[in-house]
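Visitor: Please take one part of this structure and show it to me closely. I would like to see the surroundings of a single ligand.

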There are 2 protein chains.
Amino acid sequence: MQFHHHGYVSGDPRVKPAAGVGINRPQELPDEMDVLIVGSGPAGMLAAAQLAQFPDINTRIIERRPGRLEIGQADGIQARSVETFQAFGFAEQITAEAYWITEMNFWRPDTEDPKKIVRGGRAKDDETGISEFKHLIVNQARVLDYFADVAAKSPSRLVPDFGWDFQTLEVTDEGEYPVKVTLVRSAGPDEGAERIVRAKYVIGSDGARSKVRQSIGCSMRGDQANHAWGVMDVLAKTDFPDIRTKCAIQSHDGGSILLIPREGGHLFRMYVDLGVVPEDDHGNVRKTSIDEIIARANAIMSPYTVDVRSVAWHSVYEVGHRLTDRFDDVLPEELGTRTPRVFITGDACHTHSAKAGQGMNVSMQDGFNIAWKLGHVLEGRSPESLLSTYSAERQVVAKNLIDFDKTWSTMMAKKPEEFEDPSELEDFYVRTAEFPAGFMTEYTPSLIVGEAKHQSLATGYPVGKRFKSARATRVCDTNPLHLGHQAEADGRWRIYVFADAAAPGADSPTAELAQWLSTSPDSPLAAQPQGGDDDAWFDVKVVYQQPHEDIDINAVPAVFKPEVGPFKLTDLQKVYGTVPGDDIFDVRGLSRDGVIVVVRPDQYVANVLPLTAKDELAAFFGPLLHARQPQH
Amino acid sequence: MQFHHHGYVSGDPRVKPAAGVGINRPQELPDEMDVLIVGSGPAGMLAAAQLAQFPDINTRIIERRPGRLEIGQADGIQARSVETFQAFGFAEQITAEAYWITEMNFWRPDTEDPKKIVRGGRAKDDETGISEFKHLIVNQARVLDYFADVAAKSPSRLVPDFGWDFQTLEVTDEGEYPVKVTLVRSAGPDEGAERIVRAKYVIGSDGARSKVRQSIGCSMRGDQANHAWGVMDVLAKTDFPDIRTKCAIQSHDGGSILLIPREGGHLFRMYVDLGVVPEDDHGNVRKTSIDEIIARANAIMSPYTVDVRSVAWHSVYEVGHRLTDRFDDVLPEELGTRTPRVFITGDACHTHSAKAGQGMNVSMQDGFNIAWKLGHVLEGRSPESLLSTYSAERQVVAKNLIDFDKTWSTMMAKKPEEFEDPSELEDFYVRTAEFPAGFMTEYTPSLIVGEAKHQSLATGYPVGKRFKSARATRVCDTNPLHLGHQAEADGRWRIYVFADAAAPGADSPTAELAQWLSTSPDSPLAAQPQGGDDDAWFDVKVVYQQPHEDIDINAVPAVFKPEVGPFKLTDLQKVYGTVPGDDIFDVRGLSRDGVIVVVRPDQYVANVLPLTAKDELAAFFGPLLHARQPQH
Ligand SMILES: Cc1cc2nc3c(=O)[nH]c(=O)nc-3n(C[C@H](O)[C@H](O)[C@H](O)COP(=O)(O)OP(=O)(O)OC[C@H]3O[C@@H](n4cnc5c(N)ncnc54)[C@H](O)[C@@H]3O)c2cc1C
Ligand SMILES: Cc1cc2nc3c(=O)[nH]c(=O)nc-3n(C[C@H](O)[C@H](O)[C@H](O)COP(=O)(O)OP(=O)(O)OC[C@H]3O[C@@H](n4cnc5c(N)ncnc54)[C@H](O)[C@@H]3O)c2cc1C
């Protein structure tokens, strides 16, 4: 956290000084806005929290409900999401209140007495150290609370507009705010009143039955039938010994339970499989009562019993594997002729089972992906073509997710005797762990992802995958820190310069690059607005190969020590050395000749380049920066 | 955190359900209260946050200021304080916004050119792993904010009463509320109005010029002269390379600076030594201007310059080494004839230099020490004699602190040429690190500290010192956790049963002890109130020698799995196994025959006993528990 540099901040430094639209932000939904987000679920709230960091962009988020979500829905938080929370500043807090998954246990029928279940195996949740973050369970409502808190404390002071029901929209050719949106008041004294508002862009984060999706003519394709689970969040007395461990429980007659212990030490969730729902079920499955769900759970758990004492929430969660063909309003035949105005995210684009705990997580990454892009386009940093990468990137991710989830849920639904090997399920779980942890996303080359021609210079930073943190020592205060954790979700591009072997001060490719970065008109930094902080758009960090004692900070080139704030203070926090015994060059396979790693605002590696590749760096950013482009 | 067990909690689980005085707590200061705390500094706020956990005790805290502290005062947070914050639930949050001290650098005159300073040495802040917590720098105001937050979210919903100036008090013999207190309104429309309130007990946390101290006839004794520093919190441009590292800087003519980088990445504090102030100075030193302080700093820092751009706060901090002879209102001649009604804490009892960064820290531990004792006495758990241990315990700590600080500040004041060895200062700093980190406190045998007859059974838990955390695996959810971090500042005694080698279920000393604890009328647990949680007063945990996989939780004795809450749910979170490769029995030198470690509500080890020492355990708690004592 960087603060006090505009003058002393007496209270909570997480409350950023109000700026732009955050100064005197109108409480009432205005008639016109830059971005309208529809729906305050995980996708919408992440997008809101990210856009709120751009104080010159007027973003509003509407929600049909009269107030915050109180209970229920998803609860599995993969490590990639916690990593994301870290960038938004609340990973520690939410981790402290969450349940931590360390192991998953597999129960199956006793071969001697199949009517009884026995513990078949234990699997470590993250055996291979995929992430330094934990795998959490915490209610979706709390995730939304934390994002709401970030948005409210942001420079734009963004808070959701509750009680508005989106009806439809139309993309017109008219004026500055071409998207015409029809809303209806869904709460308050004027409930039922219709209203038209206009926006430059609309993000539809309105869930599985999305009306935004309908408005832009997308439809969901996939299985015709849904899979149903009885879901219950309960407090109970039980003699089941693993009640506080995540378990997949399969009984002899095929009935199965996914047990998810919950935050707070007592509550747990059970997903009781209700099977595939035929199309002609006419909603009958949704009538399954809580008593039936409890009875079925007890049958599966035999010889153990679950004496439910309090039901916090229950539902029949019914969902199919479905996906839209596009994530924005540009029809296939229009591709290349115009850029999108409306985007859909999260459940509005993809639905799948709850078994792999993905829904909330993937939805948040959709929101992360579109929000910074809209920020850059609306601020005039980047051309509108940037927006076309959203659908292109996220559609593939959703497709992979659905394929993975199909395999996983088919396996979970199998009867024990159908497995060739009793530990097949467990083995699959361990083997594919990187996927549900959220780290398999790998964007392909595009406007914002390079060609990976120089991947061998940084084998631990695959181009297109998320930048995995490792430790380095911050020179100025001698703190060994996770380098990745120093990147806030502030919408900035990051350029990590991993230096060659020379120390600062010596003539070297690093020094030359630094000189070019700060002085060349071709440098991406030259596109930054005049008069602002030296690092307004680009956070440039350097990591030397030496331990911190051997780095003379006064000899470090100026580009790594930007001047910031009204007092033109020098920010010394961008200069790093290696941690003895945990050298980031070894840990991430970085060339000792040095390497540049470019990272996107949403934490994905955009490019890996040699220190000398100034032209390539300029060429990569050229099309992305308005000021760098030929003026038209 | 344990929550949801009284039913689902939809919002922030840190907001505890209101109870007792927290239900409809009057906003206005009442005429009568159980405890009146005077002064909302670190000592008072910790005491308030602790007493707020006792919902049947009406605690109020008054403060002369009209609102929260905004700026200035102390900023050094030793690891013992962070450990304490952990118990109050905000260690992660405050750590995230603080500066972290990793190294301290020592600058001295260049032997070749003494007018220039050079870096003489670097010392790691906690080389030997005294604590798993960091050494932080963060403004006192934020520490107070966090305690205020804990108190406000506690069952009692305690918030400070601002704008009340304590005048005097009198301990009468009258009625239930014998302490008669005179206050004056110091803010608001009725400023200047006098008011009498009555309390059962008063805690004077009203700082160095304490009027509570005066009222009970204590006086401060010590040096006649004060030592003065010009203190400034500033933003500056500088070429001093260690500006973001804690430094002791000594110049050739004896002028010295203690440099403390501050939170947020830019602000720093300098203590510029103004020397010993003679008694006949008549406040002249306090007239030292900020310009003079800056000029003096620049002279000392030569050849480096400090171009101050913004002054957040500055002060001349003038303080002597002083100590009161007693910390409560019981005169020496009354000792043994009556128990105290008025206590003083923090700067009201002891003042000393800022050099070792102790003031705020030791003051908080004073508050921690008295608060739980008052809680237990007022709730009727324990006899009033418990209150006499406060002065006895804390007076010694303060005395040691002052002795340490005298040595340290004398060394800091020495001219470089007076040192035999140029690294003398640095060596002293490293050698004595446990003291300033806050872990040298060692209470001697008393009503609440045992005789250490069985210390050899647990060499890593010295009786009288604070319970140092180590890792163990919680069986029910397979989480490897810091055992010590599972202890909240909830006012409960803790009994850790480190089991013998037998597994649960087998006949063993552990099983026998468990049986005795839950069924014997001599067990301390038998004193607990009927109808409450099984662990209302005593948090009993067991750590088996086996790794978690080998522990059958169903075979663990009932006393380690208490029933809690209205639904009588089983709390499984008190049963631990060892972490392979990090076995707590080895790490803390615990006997393989098992051992009982009794820990006080303020985290100090009270007793170490063999598993078979039921009589000794009963005898230890006997005098401490009203219900266990012969009724009079
Ligand atoms: C009832 C329910 C139960 C679920 N249970 C589970 C589960 O047990 N496990 C699991 O993994 N996942 C579950 N999910 C799915 C999981 O919650 C989603 O994958 C995740 O929330 C997707 O995030 P999202 O932001 O895309 O959409 P959502 O979280 O669905 O958010 C959409 C938001 O848009 C609002 N909205 C909808 N239409 C409009 C409109 N016209 N105008 C204004 N606002 C509108 C909604 O009120 C909602 O707040 C459940 C979802 C629901 C709805
Ligand atoms: C101006 C100042 C500067 C300091 N600078 C430093 C520093 O640079 N470095 C350092 O290590 N330590 C510094 N200290 C000391 C450090 O702040 C204390 O050691 C620490 O705060 C002690 O905590 P406490 O709770 O005992 O007392 P305090 O923090 O002093 O709190 C006492 C509280 O009681 C209130 N109070 C006083 N009298 C009354 C009354 N009659 N009625 C009602 N309320 C009353 C005060 O307003 C205050 O809020 C400074 C203290 C002060 C006052």
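Predicted model: local features only at pLDDT ≥ 70, side-chain atom pairs only at ≥ 80, totals over all residues.

**Around ligand 2**

Guide: Residues are numbered from 1 along each chain as written, chains are lettered from A and ligands numbered from 1 in written order, and side-chain values use heavy atoms, without hydrogens and water.

The shell holds 29 residues. A residue is near if one of its heavy atoms lies within 4 Å of the ligand. B:Glu63, B:Arg65, B:Asp165, B:Tyr271 and B:Asp347 come nearest.

Now the polar contacts (pairs of N or O atoms within 3.5 Å; within protein, one must be able to donate a hydrogen and the other to accept it, and residues adjacent in sequence count only if both atoms are side-chain atoms). B:Tyr271 places a polar side-chain atom 2.4 Å from a nitrogen atom of ligand 2. A polar backbone atom of B:Arg64 is 3.1 Å from a nitrogen atom of the ligand. The side chain of B:Arg269 has an N or O atom 3.1 Å from an oxygen atom of ligand 2. Taken alone, the ligand exposes 950 Å². The protein buries 87% of that. These areas come from the Shrake-Rupley method with a 1.4 Å probe; for residues, only the protein chains shown count as cover.
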